[in-house]
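Work through the exercises below with the sequence and the 3D structure at hand. Each task is followed by a solution in steps.

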Amino acid sequence: MKGLLNLETKFGRLLHKLGQCVQLSVFWLLCSLPIVTSGAASCALYATARKVLRDEEGKLFDNYWKSFKGCLKQGSLVGVATLLFCLVVAYCSLLLLSLDLLSGTIGTVLLFLYFGVVILLLVWVHYIYAYIARFEDSLKTVLRNTIFMTLMHSIPTIKLGAQVFVVCAAFYYLDLIRLIPTLVLMLPCAYCMLTIKPIESVFEIYKPSEEQETEE
C-alpha cells in the first residue's frame, strides 16, 4: 500500500492529481456560493488548474486564493453578466421549444442557428475567464481581445464549442442533474482542464505582446 501511494509511481501521481482536482473543485464551489463571485472563482479555477495541475508549479490553495483576489472585480462583473445570460437563454430555450412555429425544416434550421449562437457566446465567456486569469487589462480590452480570439481562431473555438455541446447534451439526455452532488467534486476542475489546451494555444500566439504591455 505504501508503494502505491508513493508519488514517484504513476499510480501515486494519479491519486495525487485526483486529490488536487477534488480540492480545486471544492475551492471553486465554496467561492461560488455567494453567486456574485462565481466569475472570480472560475477565473481562479482556470489559473490554478493551469499553473499547479498542468505545470506543477506552486501550492494549490495559495495559488487559488491569490488568483481569486486578483480576479475578484473583473471576474465577478463578468460572472454576474454570465449568470443573467444563462437565465435568459434557459427561458428563451424553453419558450422556443414549446412553440409550434419551430416545427418543420425552417423551424429546425432556426433552432440550430439559435443554439449555435448561444454556444458561440458561451465559448466567448470561456476566453474571457481565462484571459482575466492570465493577463492584466481593462475590461474593455479584455472583451475586445477575446471577441477577436473567439472569431479568428476557429479550430480552438470549435473544440471548445464541441465541449460545451457534449456537456450540455450529457446533462440533458443522460439526466446527470441528479448526480450533481457527486459530480461537483470532480466536474468543475475536470472540465476546466479540458479547456486549457485549446485556449492556451491561442494565448501563446499573443503572449509576447501581452507581456510587453504589462511591463509598460
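## The chain as a whole

Of the 216 residues in the chain, 39% are buried; buried means under 20% relative accessible area, exposed over 50%, and partly exposed in between (1.4 Å probe, protein chains only). This is a predicted model, in which local features need pLDDT of at least 70 and side-chain atom pairs count only at pLDDT 80 or more, while totals for chains, interfaces and linings use all residues. Residues are numbered from 1 along each chain as its sequence is written, and side-chain values use heavy atoms, with hydrogens and water left out.

**Exercise 1.** State how many helices and strands the chain has, and in what order the elements run.

*Solution.* Step 1: apply the rule that helices (H or I, at least four residues) and strands (E, at least two) are DSSP runs, numbered from the N terminus. Step 2: count them, which gives eight helices and zero strands. Step 3: read from the N terminus on; the order is α-α-α-α-α-α-α-α.

**Exercise 2.** Take the contacts between residues at least 6 apart in sequence and find what share joins residues at least 24 apart.

*Solution.* Step 1: a contact means heavy atoms within 4.5 Å. Step 2: among the contacts that qualify, 69% join residues at least 24 apart.

## Helices and rings

**Exercise 3.** Describe how α3 and helix α4 (residues 104-134) are placed relative to each other.

*Solution.* Step 2: the axes of α3 and α4 come within 11 Å and cross at roughly 170°. Step 3: α3 is therefore roughly antiparallel to α4, given that angles under 35 degrees count as roughly parallel, over 145 as roughly antiparallel, 65 to 115 as roughly perpendicular and the rest as oblique. Step 4: sort the residues of the contact of α3 with α4; there are 19 nonpolar, five polar and no charged ones. In this sorting, Ala, Val, Leu, Ile, Met, Phe, Trp, Tyr, Cys and Pro count as nonpolar, Asp, Glu, Lys and Arg as charged, and the others, Gly among them, as polar.

**Exercise 4.** Count the aromatic pairs and describe the one formed by F27 and Y64.

*Solution.* Step 1: rings of Phe, Tyr and Trp (its six-membered ring) pair if their centres lie within 6.5 Å; planes under 30 degrees apart count as stacked, over 60 as edge-to-face and the rest as tilted. Step 2: by this rule there are nine aromatic pairs. Step 3: the pair of F27 and Y64 is tilted, with 5.7 Å centre to centre and 45° between the planes. Step 4: F27 is in helix α1 (residues 10-32) and Y64 in helix α3 (residues 60-97), so the pair ties together parts that are 37 residues apart in sequence. Step 5: both F27 and Y64 are buried.

## Charges and a loop

**Exercise 5.** Find how many salt bridges the whole structure has, and trace the network that includes D55.

*Solution.* Step 1: a salt bridge is a side-chain nitrogen of Lys or Arg within 4 Å of a carboxyl oxygen of Asp or Glu. Step 2: the search finds four salt bridges. Step 3: D55 meets R50 at 3.8 Å, N to O, and R54 at 3.0 Å between the closest N and O atoms. Step 5: R50 is buried, at 16% relative accessible area, whereas D55 is partly exposed at 30% and R54 is partly exposed at 39%.

**Exercise 6.** Describe the salt bridge of E56, its surroundings and its backbone.

*Solution.* Step 1: the side chains of E56 and K17 meet at 3.3 Å, N to O. Step 2: E56 lies in the loop between α2 (38-54) and α3 and K17 in helix α1, so the pair ties together parts that are 39 residues apart in sequence. Step 3: E56 is exposed, with a relative accessible area of 57%, and K17 is partly exposed, with 24%. Step 4: most residues other than glycine have a negative phi. E56 has a positive phi of about 55° although it is not a glycine.

Note on methods
Axes are lines fitted to C-alpha atoms, for helices over the stretch in contact, and angles run from 0 to 180 degrees between N-to-C directions.
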